Amino acid sequence: MANPDELFLKVQKPSRYTGGELNSVMKDKTAVDVRFAFCFPDLYEVGMSHLGMKILYGLFNHQPWLWCERVFAPDTDMEALMRENHIPLWGLESRDPLSAFDFIGFTLQYEMSFTAILNMLDLAGLPIRSADRDESHPIVVAGGPCACNPEPIADFVDLFFLGEGEEVDLEVLELYREMKRAGCYTKAEFLRRAAQIEGVYVPSLYEVTYNEDGTIGAVTPKDGAPSVVRKRIIRDLDHCYYPDYFVVPFSDIVFDRAQSEIFRGCIRGCRFCQAGFIYRPVREKSPEVINKQSHDLCASTGYEEFSLSSLSTSDYTRLEELLPRLLEWSEKEHTNISLPSLRVDGFSEELAARLNVLRRAGLTFAPEAGTQRLRDAINKNVTEEEIFRTTGKAFSAGWSAVKLYFMLGLPTETLEDVAGIAHLGQKIVNSFYQNPDRPKGKGVTISISCSCFVPKPFTPFQWEPQDTAEQLAEKQQHLRDNVTTKKISLSTHDNKVSFIEAVLARGDRRLCAVLEEVWRGGSRLDAWSEYFDYDRWMKAFAQCGLDPAFYANRRRPYEEVLPWDHLDYGVTKEFLIRENKKAYAAQTTLNCRQQCQGCGAACWKEGVCVERR
Amino acid sequence: MSVANGFYTIRLVFSKTGRARYISHLDLNRTMTRVLRRAGIPLWYTEGFNRHPYITFAAPLSLGSESLCERMDFRLTDDSLTMEEIVDRINASMPEGLRALKASEAIHKVCLLGFAAYRMQLSCTAEELSAFLAQETIAVEKKAKKGGTKTLDIKPYLDVAAVQATENGCELTVTLPCSNDVTVNPALLTSALSAFCGREITASVLRLELYDLQRRVFV
């Protein structure tokens, strides 16, 4: 077999493939019982930025009996050389081919990475379908947000982890280790027993029948698998493993900094946002723990910047207590603190100045919708007053650029709402010129970025039809027509990618055939626009006799069996239906801290659900 | 040790071998910044809006080449550590393939750099190499500083120390100029050799030492 070494000088950015970065974990493979290949189905610079991978890499390698290595999707130049030279995909640490591992684990962060999973399995020399793999092959597992509807890849993955992985992943790996040690391991028996662990979904143990109209009739478990699989959560984040090191890459990656997780979940309940529902309930870490973990990480990596990671930094209840602690050492050590998704107002003047809040947060808002009515319908609690308060301060302080994020195609949206996006931009432009303290000699620039709404499972909009490509194109044009100033720059997303994303997000098992077809046709890194081929997808749907509009553009009745109904993420269908109806009445919902809405996540009796109010 | 402007300049000699040879020059800069930050030494930071440690390298090494003699300058705020302690602390925070060998006060200015010695493992025979080196002139196309290419005869610049046959080809030990005025990269030599042999000759390159314009070891 040829050595990957010989390829490194023939490809772009070889250090993505070499391994050997600082803090990467080397072990003696003869001294461990289980080897795990943690695969991120995208390029190195994307995957290496992902916090979840760093947590599990640290946790797994913390176990003496387990060695976890990293694997990323090769770029097309490297893939061509690998195929030409018959070099199978390898783990970055040991450089052993993936077939030498016990487990191959994929993290499912976005639907458009699904084709990369098939391609990586194939590059590893494995049959892509679970049914074609036997005891001689590694077990293929997957977890992450897209595991909440894993049906479109159910035929390729042996076992899914639902929810947070720190406990359940190790329980499954220990079961495997025990069975191997006892000499009773067969793939079928292992999967049957793993399915008994809470948070484990083994798709091959569930039979799906369909009605004549193409909707799902029933999902029936077999071999004693539970009829509903509930996700796992970590109850106490303060006492949960968190890495005190990250692997430090040589090359520039997307998020090249230390990251400290401050809480999980989100109290807000924006109705389009899947993360806002599937990570419930909100559980915080204490400032003491965050402070120590941040400092340890910076010391072991040498990073000059660290960020506080969560879905909404400003919602951390003890931020005013945490930040001065962090600043105490970070200022001395020349380390920057980055505070993503931070609301600029509500800080004391002194803290705002020390943090240089404006510089860090930038002037970025995500109103998501152009009118207050639609913002109420989607339960996004950003108001125009709040935006003007912040931009006013920022313009007075010398800023002149604002970024705004919106979505097109939201449920109940009218052309008036679409025009509202342009009008909001115009009002900010006007407020700049009305501000007597504005920076002189500078024009204002408003960047408006509009993505297309994709309805997702476990949200109040899971029954909603996505706008068709024609509807979205019409709205995009209407928006462009309403922008009448060059001070506003407008960028809109490719609605074709969003359409495929919508199909996969709420798809069923029959889509596995489409994925295989489209991958065989050459699709790989579909998350990258230069590799995405819409026509190939449409051809694959036709070939498999499936209508993509059935998945993306159809309104589903509340009574319909959804492909993910046998998976339980805490939030109940009753709650989601209530929220769906409130959207149509343009009624907002209070956040978890203001008033419990009875979403179902209180079943764990943790975090915000049991906080004293 | 002399102090000026509130800092001491330290020159580190380090090797870059194995997996580390795929670290590009730009990435090496970032990597070394973090190595120094982790090392727990009294680093001097630049003043200004975006404060960072000041580091500079004497002679960038081509991606894929190994070296036993890289030079990096950085600044400390005080002289509380011995040179040995500095080397030890840096080594404790280096990734695989990078190794600090020696730290000392920087003496030569980087602009006085003159020559670099290399050992090259080549995939041609020793006879081919000897014939190549025996040519009257060795013309190569070189990128001109102002864009485009120019033709350069590198023959006068080749200071060959040894040619030796090896199991898989041959080994050349050679000193080449690497000064502000003229630099001959080993890759230039390899491409001229490939043209001479009429096939692609592969080279694995190890940089052995850096010299000043008077051919004294660069310190």
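H239(A) sits in a loop of chain A, between strand β9 (229–230) and strand β10 (258–261). The model is predicted. H239(A) is exposed, because 10 other C-beta atoms lie within 10 Å and a residue counts as exposed at 12 or fewer.

**Chain A as a whole**

- Chain A contains 21 helices and 19 strands.
- The C-alpha trace of chain A spans about 75 × 65 × 55 Å when taken along its principal axes.
- The radius of gyration of chain A is 25 Å, which agrees with the value near 25 Å that a compact globule of 613 residues would have.
- Of those 613 residues in chain A, 49% count as buried.
- Among contacts in chain A with a separation of 6 or more, 77% are accounted for by residues 24 or more positions apart.

**Helix packing in chain A: α18 and α19**

- Two packed helices are described by the angle between their axes and the distance between the axes.
- In chain A, helix α18 (residues 511–520) packs against helix α19 (residues 534–543) at an angle of about 135°, and their axes are 9 Å apart.
- The helices α18(A) and α19(A) are therefore oblique to each other, since an angle over 145 would be needed to count as roughly antiparallel.
- The crossing in which α18(A) passes α19(A) is right-handed.
- On the α18(A) side the contact is made by V514(A), E517(A) and V518(A), and on the α19(A) side by R536(A), W537(A), A540(A), F541(A) and Q543(A).
- By class, the residues of this contact between α18(A) and α19(A) divide into 5 nonpolar, 1 polar and 2 charged.

**Helix packing in chain A: α9 and α10**

- Helix α9 (residues 287–301) and helix α10 (residues 319–330) of chain A have axes that come within 10 Å and cross at roughly 25°.
- That angle makes α9(A) roughly parallel to α10(A), because angles under 35 degrees count as roughly parallel.
- The crossing of α9(A) with α10(A) is right-handed.
- From α9(A), the residues that make the contact are P287(A), I290(A), N291(A), S294(A) and H295(A); from α10(A), they are E321(A), L322(A), R325(A), L326(A) and W329(A).
- The contact of α9(A) with α10(A) has 5 nonpolar, 3 polar and 2 charged residues.

**Chain B as a whole**

- Chain B has 4 helices and 10 strands.
- Read from the N terminus on, the elements of chain B follow the order β-α-β-β-α-β-β-α-β-β-β-β-α-β.
- Taken along the principal axes, the C-alpha atoms of chain B fill a box of roughly 55 × 40 × 30 Å.
- Chain B has 219 residues, and buried residues make up 34% of them.
- In chain B, 71% of the contacts between residues at least 6 apart in sequence join residues at least 24 apart.

**Where the chains meet**

- Chain B has 18 residues in contact with 18 residues of chain A.
- The side of chain B that touches chain A consists of 6 nonpolar, 5 polar and 7 charged residues.

Technical notes: Residues are numbered from 1 along each chain as its sequence is written. Chains are lettered from A and ligands numbered from 1 in the order in which they are written. This is a predicted model: local features need pLDDT of at least 70, side-chain atom pairs count only at pLDDT 80 or more; totals for chains, interfaces and linings use all residues. Two residues are in contact if their C-beta atoms, placed from the backbone, lie within 7 Å. Ala, Val, Leu, Ile, Met, Phe, Trp, Tyr, Cys and Pro count as nonpolar, Asp, Glu, Lys and Arg as charged, and the others, Gly among them, as polar. Helices (H or I, at least four residues) and strands (E, at least two) are DSSP runs, numbered from the N terminus. A residue is buried if 20 or more other C-beta atoms lie within 10 Å of its own, exposed if 12 or fewer, and partly exposed in between; C-beta atoms are placed from the backbone. The radius of gyration is taken over C-alpha atoms; the globule rule is 2.2 Å times the number of residues to the power 0.38. Axes are lines fitted to C-alpha atoms, for helices over the stretch in contact, and angles run from 0 to 180 degrees between N-to-C directions. Angles under 35 degrees count as roughly parallel, over 145 as roughly antiparallel, 65 to 115 as roughly perpendicular and the rest as oblique. A crossing is left-handed if the near helix is turned anticlockwise from the far one by less than a right angle, and right-handed if clockwise.
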